[in-house]
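Open the model in your viewer and keep the selection tool ready. We will go from stop to stop, picking residues as we go.

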Amino acid sequence: MITEARRTLISRYTIAEVWQDTSNGHHSLHSTGAYQPGEVISAFTAASIWATPSYLTVQISNDKHIMLAPQFLEYINHSCDPNAFFDTTSFQLVCLKPIFPGDQFTFFYPSAEWNMAQPFACRCGSANCIGEITGASQLPEALLYRYRFTDFIRSKLDAAQQQD
Ligand SMILES: [Zn+2]
C-alpha cells in the first residue's frame with residue numbers, strides 16, 4: 001500500500017488507480033495513461049440495471065439506471081470542467097480534453113442524469129464551477145450549450161425546450 005501525505009492508493013487497474021483522500025475519505029479515479037479528446041478511455045457495460053437512480057448509477061433511459069462495469073469507473077467524480085464523458089449510446093468512456101498520467105478522471109454529472117438522486121453543492125474548484133449540481137432537467141438554459149450531454153439527455157432537453 002502506498003500512502004502519500006494526503007492520500008492512499010486503494011487499488012490499481014490497467015488504465016486507472018483508485019485513491020482515497022485521507023482527510024475526508026473521498027475516493028477518486030486517476031489515469032495511468034495519456035488521452036487526447038475523442039479517444040476512448042474504456043468501454044463500459046451494465047453490471048446491473050435499476051429503475052431508480054442512486055449516487056453510483058448512470059442513467060441510460062427514463063427508467064433504466066446502470067451500475068457500471070468495470071466497477072472502478074464508479075469512482076469518477078463530478079467536475080464542472082470535466083475531462084471525460086460517459087457516452088451511453090456507444091457505451092464508451094470518452095476523453096473530452098487532454099488527460100495525462102496521474103490526472104483525476106472527472107465527468108459532468110448532469111450530462112447523464114435527468115433528475116439527480118442527491119443534488120449537491122459542488123466544490124470542484126474549477127474557474128467555471130456552477131455551484132449547485134442538479135440533474136439536467138434543473139440546469140439553467142445557458143449551461144445547456146456549455147456541456148456535452150448523452151443522446152438520451154439531449155433528446156429530453158430538446159423535447160422540454162419545444163414545450164416552452
Ligand atoms: Zn463545480
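Is C80 buried or exposed? Select C80 to find out. C80 is buried, with a relative accessible area of 1%. Keep in mind throughout that this is a predicted model.

**Stop 1: the zinc ion**

Now show the zinc ion together with C80, C122, C124 and C129. The SG atoms of these four residues coordinate the zinc ion, at 2.3 to 2.4 Å. Look at the angles among the 4 donor atoms. They run from 103 to 112°, and the site is tetrahedral. For comparison, the ideal angle for four tetrahedral donors is 109.5 degrees.

Next, trace the donors along the chain. Their spacing in sequence is C-x41-C-x1-C-x4-C. C80 sits in the loop between strand 8 (77–78) and strand 9 (84–87), while C124 sits in the loop between strand 12 (120–121) and strand 13 (132–133), so this pair ties together parts that are 44 residues apart in sequence. Click on C124 and check its surroundings. C124 is partly exposed, at 27% relative accessibility, whereas C80 is buried at 1%.

**Stop 2**

Zoom in on strands 9 and 10. Their antiparallel pairing covers 4 bridges. Which residue of strand 10 is the bridge partner of D87? Select Q92: that is the partner.

**Stop 3**

How many bridges join strand 5 to strand 7? There are 5, and the two strands run antiparallel. For one place to look, pick T45, which stands opposite A69 in strand 7.

**Stop 3: the nonpolar core**

Turn to the largest nonpolar core, which has 39 residues. Highlight I41, L73 and F149, the residues with the most contacts inside it. Then colour the elements that give two or more residues to this core: strand 2 (16–21), strand 6 (58–61), strand 7 (64–69), strand 9, strand 10 (92–95) and helix 1 (151–163). Helix 1 gives the largest share, 3 residues.

**Stop 5**

Select S31, in strand 3 (residues 27–31). S31 is buried, at 4% relative accessibility. Beyond residues up to four places away in sequence, S31 touches I15, I99, F100, P101, G102, D103 and F105.

Finish with G25, in the loop between strand 2 and strand 3. G25 is partly exposed, with a relative accessible area of 29%. Draw a distance from the C-alpha atom of G25 to that of F105. The two atoms are separated by 17 Å, and the residues are 80 apart along the chain.

Conventions:
Residues numbered from 1 in each chain as written. Predicted model: local features only at pLDDT ≥ 70, side-chain atom pairs only at ≥ 80, totals over all residues. Heavy atoms only, no water. Donors = N, O, S within 2.8 Å, 3.2 Å for Na, K, Ca; no water. Tetrahedral: all angles 85-135°; square planar, octahedral: opposite > 155°, others 65-115°. Buried < 20%, exposed > 50% of the residue type's maximum accessible area, 1.4 Å probe, protein only. Contact = heavy atoms within 4.5 Å. Core = buried A, V, L, I, M, F, W, Y, C linked by side-chain atoms within 4.5 Å. Pairing = 2+ DSSP bridges.
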